[in-house]
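Trainee: Could we go through this model together and ask what stands behind each label? I would like to see the cut-offs as we go.
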Amino acid sequence: MDAAQELQRVETYVGRMPALPVTVTKVIEICNQPDTSPIDLNRVISVDPVLMARVMKLINSAYYGLEAKVTSLSRAIIMLGVNTVKNLALSTAVVGAIGKSEISSALNMQGFWRHSLGAGVTAKLIARRRGIDPRLIEEYFIAGLLHDIGKIPLNNALKERYVNVLGVADREHIGLAAAEQRELGFTHADVGRLIGETWNIGTAAIDTLGFHHAVANYAEEHRDLVMTVHIANYFMNIAEVGFAGDRFPARPEEGTYRALGIDLSLLDDIEDEVDAEISKAEIFLKIVE
Ligand SMILES: [Fe+2]
Ligand SMILES: [Fe+2]
């Protein structure tokens with residue numbers, strides 16, 4: 001198979017991935033309008049029993065740690081906030097669509113999702129330490145959770161070939177994205193962006209998927225988010241939380257630590273917290289079952 005055929009095969013795989021449920025697309029659309037009210041959201045979600053059950057499950061989970069049980073959807077939406085409901089709808093739909101796809105050969109699903117959850121909670125903890133607006137914190141979690149989904153089509157459509165690419169990264173002690181670029185001519189970040197665009201999941205997530213290994217090439221709106229996930233991913237790789245194929249991760253790009261006002265020592269500070277937060281965040285995977 002030559003490079004063009006490999007790309008074609010991956011694109012075909014992405015094209016055949018299940019579409020996101022219509023209600024989820026609608027929720028994202030509504031939430032992206034500037035004057036969205038919880039009532040508008042309630043109207044859409046209440047006609048979708050699956051999504052409604054997910055919202056209720058999440059609000060009553062250890063992730064939010066509320067004392068009293070919430071039983072009304074409208075109350076749940078008000079408590080979570082429009083932005084968080086959007087993120088919840090999006091992430092559970094993506095995990096639902098991807099989580100069921102068979103994953104073989106190069107990566108195993110359990111390691112992959114643990115790395116992903118770890119990057120999500122780490123991005124969130126970094127954002128929190130930096131005093132990011134609490135209404136935006138959940139966006140950091142979701143972007144981290146989804147950052148590597150472009151690896152799924154590579155793994156499942158290219159199979160042994162992708163095992164070889166991981167082997168190149170291991171043997172030559174280079175980052176996985178660099179090995180992909182050299183061997184395939186495109187990376188899991190490119191594939192991630194393609195998935196994000198196909199599903200129309202919003203620019204924050206699309207840009208993170210597309211640029212989390214090339215922060216220097218990105219100067220747009222979500223730069224803070226993209227840089228944070230760039231670092232969170234590195235932290236999870238060197239701390240070996242889960243495994244998503246990167247045994248010799250490239251060091252964070254020049255200037256990223258400085259731009260965020262953090263350094264590597266932060267990883268030591270938050271490592272225990274990351275573990276605890278991963279256990280709580282596992283609800284995002286369980287919720288789609
Ligand atoms: Fe990645
Ligand atoms: Fe990653």
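Trainee: What makes Glu240 count as exposed or buried?

Mentor: Its relative accessibility is 67%. Buried means under 20% relative accessible area, exposed over 50%, and partly exposed in between, with a 1.4 Å probe and protein chains only. Glu240 therefore counts as exposed. Before we go on, note that this is a predicted model, in which local features need pLDDT of at least 70, side-chain atom pairs count only at pLDDT 80 or more, and totals for chains, interfaces and linings use all residues. Residues are numbered from 1 along each chain as its sequence is written, chains are lettered from A and ligands numbered from 1 in the order in which they are written, and side-chain values use heavy atoms, leaving out hydrogens and water.

Trainee: Where is the place of Glu240?

Mentor: Glu240 sits in the loop between α14 and α15 (256-260). Helices here are DSSP runs of H or I with at least four residues, strands are runs of E with at least two, and both are numbered from the N terminus. The phi of Glu240 is near 55 degrees, a positive value in a residue other than glycine. Most residues other than glycine have a negative phi.

Trainee: What is phi of Asn200, and where does Asn200 lie?

Mentor: Phi of Asn200 is also positive, near 55 degrees, and the residue lies in the loop between α12 and α13. With a relative accessible area of 52%, Asn200 is exposed.

Trainee: Which residues of α12 and α13 meet?

Mentor: Ala189, Gly192, Arg193, Gly196 and Glu197 in α12 meet Ile206, Leu209, Gly210 and Phe211 in α13. Contact means heavy atoms within 4.5 Å.

Trainee: How many residues of α13 are buried?

Mentor: In α13, 8 of its 9 residues are buried, and the helix is mostly covered. Among them are Ala204, Asp207 and Thr208. The buried residues of α13 pack against α8 (134-146), α12 and α14.

Trainee: What are the angle and the distance between the axes of α1 and α9?

Mentor: The axes of α1 (residues 3-16) and α9 (residues 151-158) come within 9 Å and cross at roughly 115 degrees. These helices are therefore roughly perpendicular to each other, and α1 passes α9 in a right-handed crossing.

Trainee: Which atoms coordinate the iron ion (ligand 1)?

Mentor: The donors are Asp148 (OD), His188 (NE2), His212 (NE2) and His213 (NE2), at 2.1 to 2.2 Å. Donors are N, O and S atoms within 2.8 Å of the metal (3.2 Å for Na, K and Ca), and water is not among the atoms, so sites may look incomplete.

Trainee: What makes the site of the iron ion (ligand 1) irregular?

Mentor: The angles among its 4 donor atoms run from 86 to 175 degrees. Four donors count as tetrahedral if all angles lie between 85 and 135 degrees; four count as square planar and six as octahedral if opposite donors are over 155 degrees apart and all others between 65 and 115; anything else is irregular. The site is classed as irregular. His188 lies in helix α12 (residues 188-199) and His212 in the loop between α13 (203-211) and α14 (223-238), so the pair ties together parts that are 24 residues apart in sequence.

Trainee: How do you know whether His188 and His212 are buried or exposed?

Mentor: His188 has 0% relative accessibility and counts as buried. At 0%, His212 counts as buried too.

Trainee: What coordinates the iron ion (ligand 2)?

Mentor: His115 (NE2), His147 (NE2), Asp148 (OD) and Asn233 (OD1) do, at 2.0 to 2.2 Å. Asp148 bridges the iron ion (ligand 1) and the iron ion (ligand 2), which lie 3.7 Å apart. Both His147 and Asp148 are buried.

Definitions and conventions. Axes fitted to C-alpha atoms, helices over the stretch in contact; angles between N-to-C directions. Parallel < 35°, antiparallel > 145°, perpendicular 65-115°, else oblique. Left-handed = near helix turned anticlockwise from the far one by under 90°.
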